[in-house]
Amino acid sequence: TLQVYGFPVNQLFDMLLEIRDQYSETLLKKWAGIFRNILDSDNYSPIPVTSEDMYKKVVGQFPFQDTELEKQPFPKKFPFSEFVPKVYNQIKEFIYACLKFSEDLHLSSTEVDDMIRKSTNLLLTRTLSNSLQNVIKRKNIGLTELVQIIINTTHLEKSCKYLEEFITNITNVLPETVHTTKLYGTTTFKDARHAAEEEIYTNLNQKIDQFLQLADYDWMTGDLGNKASDYLVDLIAFLRSTFAVFTHLPGKVAQTACMSACKHLATSLMQLLLEAEVRQLTLGALQQFNLDVRECEQFARSGPVPGFQEDTLQLAFIDLRQLLDLFIQWDWSTYLADYGQPNCKYLRVNPVTALTLLEKMRDTSRKNNMFAQFRKNERDKQKLIDTVAKQLRGLISSHHS
């Protein structure tokens, strides 16, 4: 109206553009609450559908095509949970809200397109990203939820190209146009996925630590065990059921998680054996420990996660295996003769580790008759241990100097 009467209105438009920036911030705050509610109320389980109508409804809300899933009979499940179509639709609602405000600002379609894309980028990289990170870092989040978040963010990442098309359709500005801002929301979903993966590895290791706290070895036992420790059997059962859930994970996430868990377990077991509080141990205790390591190797051999080459997973336990074999077979002549050669039998046994363990056994040999199978005379056994210890010290000093 002012313009019709010949009044200059440029300053008014400038002010409206400033208000637009403020409005964009207000919208982002509003959508932060919307995303938080969606993520908090999600059940983090694949969406089940029992009829064609339900299937079409989900596909109508979110661009998803899977010919294999289409062929499957009902009831069936989508790979993602409810938050995927809900988040996708809220991003579109946000785009509409941006468009509505810009309608009467007398902007060119390129300017409107640029404004919408920039605001949407902020929505993805700041607002949605924060919401996802908050869920992932939650204290009580479980492995199943983390797995579902990885699957969900993979599908949302793929949907970014459809959001690009959506913006193009409502602004009529072709993506090839010079200066068109690209949506870089894919980084949001990649970052969230990596954070969830890291959280899975940490979470798994913490669970393993909880089981290991139940380990109760009698380091002075004279009995030779015949089965693996209960705590370790329970731990392996937990790992099996966990990795069964990981079958739907993309890429190498499941393999990395499995390898990470096995390495952490092997390192923790080695620490148990070598910790300073264990001052003495018998051959019987080593035999029991050996049964537990065998249980771990059996788990690694069983292929809990597909995609590993032959014995790759077993290599996580190779340091323990060689150390235990050396002690149980009392094969010091081989170890000392071959040490330092690239293809020696006990390549992974560090002489410092061997000496630490030997010192623990030397104390018990005075009280126990556990070395009777190696030498008839008790003094000979003590002498033998002393000789081996001396040679190990020689190896250590010559290689360290």
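Contact is defined here as heavy atoms within 4.5 Å. The structure is a predicted model, in which local features need pLDDT of at least 70 and side-chain atom pairs count only at pLDDT 80 or more, while totals for chains, interfaces and linings use all residues. Residues are numbered from 1 along each chain as its sequence is written, and side-chain values use heavy atoms, with hydrogens and water left out.

The protein chain is divided into domain 1 (2-45 + 81-197) and domain 2 (214-400), with bounds that come from an automatic or database domain assignment. Taken over C-alpha atoms, the centres of domain 1 and domain 2 are separated by 54 Å. Seven residues of domain 1 are in contact with eight residues of domain 2. The two domains bury about 570 Å² between them, and 91% of this is on carbon and sulfur atoms. Buried area is the accessible area (1.4 Å probe) that two parts lose on being put together, summed over both. On the domain 1 side, Leu143, Val147 and Ile151 lose the most area to domain 2, together 61% of what that side buries. Zero salt bridges are counted between domain 1 and domain 2, a salt bridge being a side-chain nitrogen of Lys or Arg within 4 Å of a carboxyl oxygen of Asp or Glu.

Over the whole structure, 16 salt bridges are found. Residue exposure is described by relative accessible area: buried means under 20%, exposed over 50%, and partly exposed in between (1.4 Å probe, protein chains only). Helices (H or I, at least four residues) are DSSP runs, numbered from the N terminus. Arg20 and Asp21 meet through their side chains in a salt bridge (3.6 Å, N to O); Arg20 counts as buried at 19%, whereas Asp21 is partly exposed at 44%. A salt bridge also joins the side chains of Arg126 and Glu25 (2.9 Å, N to O). Arg126 lies in helix 5 (residues 109-136) and Glu25 in helix 1, so this pair ties together parts that are 101 residues apart in sequence. Arg126 is partly exposed, with a relative accessible area of 34%, and Glu25 is partly exposed at 32%.

The side chains of Lys137 and Glu199 form a further salt bridge (3.2 Å, N to O). This pair links distant parts of the chain, 62 residues apart, with Lys137 in the loop between helix 5 and helix 6 and Glu199 in helix 7 (residues 186-212). Lys137 is exposed at 52%, while Glu199 counts as buried at 18%. Asp113, Arg117 and Glu164 are linked in a network of salt bridges.

Ala389 and Leu2 are 387 residues apart in sequence and 99 Å apart in space, C-alpha to C-alpha.

Leu2 also belongs to a nonpolar surface patch of about 760 Å², made with Val4, Tyr5, Phe7, Leu12, Met15 and Ile19. Met15 is found in helix 1 (residues 10-41) and is partly exposed, with a relative accessible area of 42%. Patches are made of residues with over 30% relative accessible area and no salt bridge, nonpolar side chains (Val, Leu, Ile, Met, Phe, Trp, Tyr) being joined within 5 Å and like charges within 9 Å. Accessible areas come from the Shrake-Rupley method with a 1.4 Å probe, and for residues only the protein chains shown count as cover.

Methods:
Helix = DSSP H or I, 4+ residues; strand = E, 2+ residues; numbered from the N terminus.
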